[in-house]
Amino acid sequence: MPGKNVLVNLTNGLMEIDENSCVSFMDFFAESLTGVSRESALKRDFREVFEGLDLPEDVLVDASINGKSLLFCGYRVEGGRRIVMIQDNSEIIKMADVFESAKSVAEDMDTIFEGSFDGLLVTDGEGNVLMVNKSYERVTGLKKEEMIGRNMKNMLNPQYMKNSVILLAIEERQPVSLQHFTKHGRSIIVTGVPVFGADGAITKVVANARDISEIYELRQELIKSREMEKIYWRQLQGKDDFTRGDGIVIVSEVMRSTYALAGKLSNFNTTVMILGESGVGKEELAKYIHENSPRRKGPFITVNCGAIPETLLESELFGYNRGAFTGALDEGKQGLFEAAEDGTILLDEIAEMPLSLQVKLLRVLETGALTRIGATKPIPLNMRILTATNKNLVDEVNNRTFRKDLFYRLNVIQIKIPPLRERKDDIAPLAFNFLKKFNTKYEQDKKLTYDVIKEMEEHPWPGNIRELKNTVERMVVLRNNEYLQILDLPWYCENTPEGDLEGDRSLAKAVGDFERKILLETLRRHRSTRKAAEALKVDQATIVRKMKKYGIDSGVYAAALDG
């Protein structure tokens with residue numbers, strides 16, 4: 001037949017069927033595929049050779065012959081003859097099975113990849129991102145669309161990704177782990193593992209990211225608990241090394257630095273301005289400077305410029321001669337500046353000093369001498385002046401309530417004491433120090449629990465150390481239980497006598513309690529006896545007299561109201 005030589009070279013089986021449906025040609029591949037020899041098939045009916053198989057014509061017929069899945073395809077040619085092609089379908093089926101299996105594996109791998117609780121990211125050997133799962137988005141806070149196709153070099157961030165384990169793994173050709181803090185503040189551990197090809201080149205890098213915030217927090221809690229144990233142990237052994245011999249408690253780094261600076265300044269006879277909120281310990285720092293200075297054997301005098309009425313402040317500071325004014329002592333009086341001779345004087349709340357006295361103070365600083373009220377002869381002074389304030393003196397200068405020239409004269413060296421809420425490391429040692437003091441004073445044996453210390457560390461302490469001291473004293477005095485609990489804290493129990501209207505009280509006692517409460521609230525709000533007097537529409541002397549009557553310390557009113 002024409003073209004037989006060409007057809008023999010085909011790998012598929014080929015048969016020719018004549019017009020009587022008998023086999024007229026059968027090639028080697030057809031024999032091999034069907035297992036039927038050419039001699040037994042030639043000149044026999046196709047349907048006899050392949051029992052049960054209809055002669056295919058323009059259709060595909062699938063049959064299982066010789067243990068194989070064969071595909072028969074027939075079509076007519078001239079003279080009524082037919083050409084039948086036979087193809088082994090087994091390999092295709094196997095390949096399809098392999099493909100389906102591979103597809104199933106791929107789907108399973110994708111499910112596993114996406115179902116991983118840990119974040120997974122895959123890059124090529126150059127660090128270009130190929131795959132990212134949802135957990136990686138959750139853990140890092142980065143979106144998949146922000147990463148796919150980008151190189152890790154372009155995603156470095158000085159705040160939350162200073163370096164990349166992908167790039168380090170490529171560079172070092174080994175697994176690398178780093179701890180990161182995400183842009184949302186979560187703590188994560190990321191490990192990059194390089195994957196090598198047959199030629200030793202890195203083909204992929206797989207990064208695993210796990211959120212360890214809770215573990216990190218638990219670790220911090222454990223460290224804190226151990227620190228608490230150490231503090232208690234030192235208390236029991238009498239080795240509370242956070243308390244200095246001078247009674248000052250210094251633990252936090254910022255306070256260590258503050259007192260280190262104060263110690264350095266102690267040896268220099270220069271003015272120092274101490275800044276900080278009310279109750280942070282400005283007077284204690286000033287006392288520390290004095291006690292470590294060459295003037296330590298001289299007196300240390302504190303003057304609260306806001307607690308002394310304006311009419312009396314000048315005579316208290318400068319003193320007066322006999323007959324200087326009506327009511328003056330016959331022998332005159334030495335002022336506090338003179339009393340501080342060879343020592344140190346602290347002008348606390350310096351921002352409250354009247355402008356008229358600021359001029360005279362400036363004169364004292366410039367000349368080193370003062371003139372008493374009613375006198376004409378200046379008296380030389382040998383003392384050191386320290387100042388303290390809880391106000392922003394720059395604002396006071398801009399508001400024209402404080403002289404600019406005096407500000408520059410006083411602000412030679414400035415020390416700022418941070419509020420207690422910004423140095424939480426000091427809270428527990430301070431609380432234990434006060435507890436020890438008040439246990440001794442009131443013959444008690446109260447103990448602070450860990451929960452109370454944690455609550456104290458979270459409290460904002462608007463009154464700072466002074467408020468903390470009052471809080472511990474109040475708990476020691478009022479609570480009956482040996483171990484002080486969270487509910488014993490003032491802001492939980494609020495058992496203030498002023499708020500208790502039950503029980504029998506005389507009218508005078510009730511009025512007195514109410515007056516004391518109003519006075520405390522006004523002083524706390526205005527932080528100055530002068531401003532409190534203006535708010536209550538009385539003179540400053542009345543405020544000072546009432547404070548003395550009700551036992552209100554001029555330094556305590558800035559703390560939280562304890563009643």
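The side chain of Thr271 reaches the backbone oxygen of Leu410 at 3.5 Å.

Student: What kind of model is this?
Tutor: A predicted one, where local features need pLDDT of at least 70, side-chain atom pairs count only at pLDDT 80 or more, and totals for chains, interfaces and linings use all residues. Residues are numbered from 1 along each chain as its sequence is written, and side-chain values use heavy atoms, with hydrogens and water left out.

Student: Which other backbone oxygen does the Thr271 side chain reach?
Tutor: A polar contact is a pair of N or O atoms within 3.5 Å; within protein, one must be able to donate a hydrogen and the other to accept it, and residues adjacent in sequence count only if both atoms are side-chain atoms. Here, the Thr271 side chain reaches the backbone oxygen of Arg409 at 3.4 Å.

Student: Is Thr271 buried or exposed?
Tutor: Buried means under 20% relative accessible area, exposed over 50%, partly exposed in between (1.4 Å probe, protein chains only). Thr271 counts as buried because its relative accessibility is 10%.

Student: Which residues is Thr271 in contact with, beyond four places in sequence?
Tutor: Contact means heavy atoms within 4.5 Å. The partners of Thr271 include Leu365, Ile385 and Val412.
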